[in-house]
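Reader: Could you take me closely through the main nonpolar core of this protein and the sheet that goes with this part of the chain? I would like to know how each term is defined as you go.

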Amino acid sequence: MKEYLFLNIIIASLPTFANDKAPVDSSSIALDEVVVSANRWRQSQGQQPKSIAVITPRDIALHNPQTAADLLAISGKVFMQKSQLGGGSPMIRGFATNRLLYAIDGIRMNTAIFRSGNIQNVISLDPFALEGAEVVFGPGSVIYGSDAMGGVMSFRTKQAQLSTDGKTRVTGSAVARYSSANNERTAHFDVSVGGQKWAFLTSFSSFNFGDMRQGSHGPDEYLKPYLVQRQDGKDVVTDNPNPLLQSPSGYSQINLMQKIRFQPTENWDFQYAFHYSETSDYARYDRHTRIRKGLPQFGEWNYGPQIWMLNQLTATHHAHQGIYDRMALRAGVQRFEESRIDRRLNKPERNRTEEKVDAYSFNLDFTKALGQQLSLYYGLEYVNNRVRSTGTLTLIDKNTQEAAPSRYPQSRWESYAAYTQALYRLTHKLNIEAGARYNHYRLKADFTNHGITLGFDPHQTNAKGSFSGSLGLTYRPTSQWLLAASVSRGFRTPNVDDMGKLYDSVAEAVTVPNPALRPEYADNVEIGITRLFNKTLRIDLSAYYTHLDNALVRRDFKVNGQDSILYKGENHKVLAIQNAASAYIYGVQLGVKANLPLGFGLNAHANWQKGKEELDNGERSMLRHAAPFFGRAALSYSHDNLYMELYTEFQGRRLHKDMPEDEKSKTEMYALDADGKVWSPAWATLNLKAQYQAGRHVILHAGIENITDKRYRTYSSGISAAGRNVVVSATYKF
């Protein structure tokens, strides 16, 4: 029961723990913090009934995250799963993947092919280009629509800065970083040039990661004693000279951001942003460790380049009269490209599927204050995704290619929505917030490119509507207390991945399309308590319960009356996504922050949750994305130009009897207990980070992660985390 021991230690130490922000002085701890993610506009956190985690520029600068996925983990409230080094799939309150929503500067990042399996789209974001991030816990569908069931991750990028003194304003930075565990070599620069009305910002980053070295002390099941190499036209299994090195796992990535800002008057602000991200090919490491009949199952299993491009135009207007006080128009055009390449060991057939999604979005958001007591937030949204998918079979011994079944049908997914939200200040102590949204979606798909007979008309249209709503209140009986309660409903409409995917998702089975799907819903109840002690200690506690209904899950299926089909030359069991289950999740989040004398501070976040889902036979299994007990605790020190943090990150164990049913067969991912059954061991790491301001322009960073060289994997991950890792970087600011 190590997880409960951790929790008891944290609770016993409440007077000495601080939050995730660097301590400044005693007055820095308060009940209020400005957030923008909850309703797309700046709002005091003390008026918001939902729990929100804020990741500040100071947090990003100190911890120097390699990817945006690592950035989210800084909060201590988001659990991160990885199937490969080029990955990062957040888990929030029992939800993950396409049941969470990503937003970049207010633009929806989720597409119609976001899947229920682990996704890594968050790594397309450049952590150097981010100004901060906020995580809204619980359903956020009133503001953000489909997929915002477990939470919303809202990222804010750096802004082009206008001049305030009549002179041209030039600011920027250059960064170089090295990490020893994966031989990382990263370089970044950004520059902003601003006049009184025009401003320009350019940002560029280059990342190069080698194979990840795992720790020396831990389960032997995580070691990879072999390599697969192609020699003389054959796959040869050889000894791995360094079993701690997880090969193949390295990759590279580039990110570019260009912004243009024009402010013709005080009331109007126009901003254009261009984002581009591209990775190299990178291996899905967990598939490279899968053993079948005593040999590696795959000779190749790689993701092709992951490409993300966003063109965004934002116009804001302050009117202070008429139907709105503030208006924001956000238009986005995104392109997503991804591919998968796999070949079984010593087989000549290399399978490749390639997907391209053009995503168009249009948001029109307004605020209006009606007197001192009532504030309205309302708006419209339109989203259009066009999916193109192709499949190719290459015979590598003959160097020939032919068409093969695609992963998805050629399709279009559209969503139309209107929402309104009201904040009513009954008294200076009590606020009530209520909101509602209607969403209508339509999915049109052409299944003829799948290349197999599916037993239904290959031209399908699925259209339905969804309602969501929320009601919450905040009560401040004194300046030292904040009480919050909320009920909310989130939803997710079936997307192309749910309805149209054709893919061998698990061994000896294939997932086939199912056009007869309906939306799923999550109903959530949450209470929160915040207590402030003399502006030097703050304790936050929230408890929640969520019920998932009409859940879209993978179940046994039949095609033309048959429970198996021939796919990629082999007989496969048939599965399909269906509205066939319910689930529930409940849990507690605890956060404490304090400022101590002499520049010291302590902080901690602990998260406990439990979830179960309904199986096909009516029994219940642990919910896959309900993470074990986890959290983060840190001791910090600040003096003049030096800031240091000694911290631990930890996860409780999950025994085999508590593992989800669909995880119990994944021997390539987990440790094995005395009976040879999979389980996820508890782990904790010790880490040290330091930041030093050397003069006006130079900032030096250094750190040692996983000081004890622990070999561990976060639950549900297919690759081990870094072993002892030395990180050094230098930043020049001008």
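Author: In this predicted model, the largest nonpolar core has 75 residues, and those that touch the most other members are Leu72, Tyr102, Ile104, Val122, Val135, Met153 and Phe155. A nonpolar core here is a set of buried Ala, Val, Leu, Ile, Met, Phe, Trp, Tyr and Cys residues joined through side-chain atoms within 4.5 Å, where buried means under 20% relative accessible area with a 1.4 Å probe and protein chains only. Strand E36 (residues 537-556) gives this core its largest share, five residues; strands (E, at least two residues) are DSSP runs numbered from the N terminus.

A second, separate core of 13 residues includes Val54, Ala103, Val136 and Tyr144. Leaving aside neighbours within four places in sequence, Met153 is in contact (heavy atoms within 4.5 Å) with Leu72, Pro90, Ile92, Leu100, Leu101, Tyr102, Ala103, Glu134 and Val135.

As for the sheet, five strands form an open one in the order E3-E9-E10-E7-E8, with mixed pairing, two strands being paired if DSSP finds at least two bridges between them. Strand E3 (52-55) and strand E8 (107-108) stand at the edges with a single partner strand each, so one side of each has no neighbour in the sheet. E3 pairs with strand E9 (residues 130-137) in the antiparallel sense over four bridges, and Ile52 stands opposite Val136 in E9.

Residues are numbered from 1 along each chain as its sequence is written, and side-chain values use heavy atoms, with hydrogens and water left out.

How values were computed:
Predicted model: local features only at pLDDT ≥ 70, side-chain atom pairs only at ≥ 80, totals over all residues. Buried < 20%, exposed > 50% of the residue type's maximum accessible area, 1.4 Å probe, protein only.
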